[in-house]
Amino acid sequence: MKKLIIVLCATVSCMMATAQEYNKAALVVQEQIVAYNARNLDAFAALYSDDIIIYKASGEVSLQGKAQLKELFGTFFKNNPDLYCYIEDRIVLGDTVIDHEKIQLQKGRPFMEFIAMYKVKDGKIAEVHFLKSPY
């Protein structure tokens, strides 16, 4: 009976640790989506590491570093005042978040669909891999 209790306690501990990691990574990515929808460049960029790398679906580097991120998304937010993204599906495993995203650039226009894989390290998005690329 004592061994059973120890095994149960260990199992619950592992499940709690996994849930906490899920919550940390998913919360960072979700905050990024909220800032994206608000077109709040400062809040959006604050959720990325200084050495962020974003990869195209081909595996090529699309952008590197927070300065490039701010330049690209600053222009993108400014040019798309109706911009809106919602998450169709989300998978979280440890520090990795995979989102099926639907993005609308203008009201009344169809949504575009993307798959993005976010790697979260130290509470910041360190890498984004587009599996179906917006570019």
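Ile125 in this predicted model is in contact, once its neighbours within four places in sequence are set aside, with Val28, Val29, Gln32, Leu47, Tyr48, Ser49, Ile52, Tyr118, Lys119 and Val120. Ile125 also belongs to the largest nonpolar core, a set of 28 residues in which Ile125, Leu69, Tyr118 and Val128 are the ones with the most contacts inside the core. The elements that give two or more residues to this core are the helices α1, α2 and α3 (66-79) together with the strands β1 (48-55), β3, β4, β5 and β6. Among these contributors, α1 gives the most, with 7 residues.

Strand β4 spans residues 96-104 and is mostly covered, since 8 of its 9 residues are buried. On one side of the pairing pattern, β4 joins strand β3 (residues 84-93) in the antiparallel sense over 9 bridges, and within this pair Val92 stands opposite Val97 of β4. The hairpin formed by β3 and β4 has 2 residues between the strands, and Gly94 in this hairpin takes a positive phi near 60°. Strand β4 is also joined to strand β5 (residues 112-121), again in an antiparallel arrangement, by 8 bridges. Val97 has a bridge partner in β5 as well, namely Tyr118, a residue already met as one of those with the most contacts inside the largest nonpolar core and as a contact of Ile125.

The backbone deserves a separate look at two further places. Arg39, which is not a glycine, has a positive phi of about 55°, and it is placed in the loop between α1 (2-38) and α2 (41-46). With a relative accessibility of 30%, Arg39 counts as partly exposed, because that category lies between the limits of 20% for buried and 50% for exposed.

Asp122 is found in the loop between β5 and β6 (124-132). Its relative accessibility is 82%, and Asp122 therefore counts as exposed, the cut-off for that class being over 50%.

Conventions: Residues numbered from 1 in each chain as written. Predicted model: local features only at pLDDT ≥ 70, side-chain atom pairs only at ≥ 80, totals over all residues. Heavy atoms only, no water. Buried < 20%, exposed > 50% of the residue type's maximum accessible area, 1.4 Å probe, protein only. Helix = DSSP H or I, 4+ residues; strand = E, 2+ residues; numbered from the N terminus. Pairing = 2+ DSSP bridges. Core = buried A, V, L, I, M, F, W, Y, C linked by side-chain atoms within 4.5 Å. Contact = heavy atoms within 4.5 Å.
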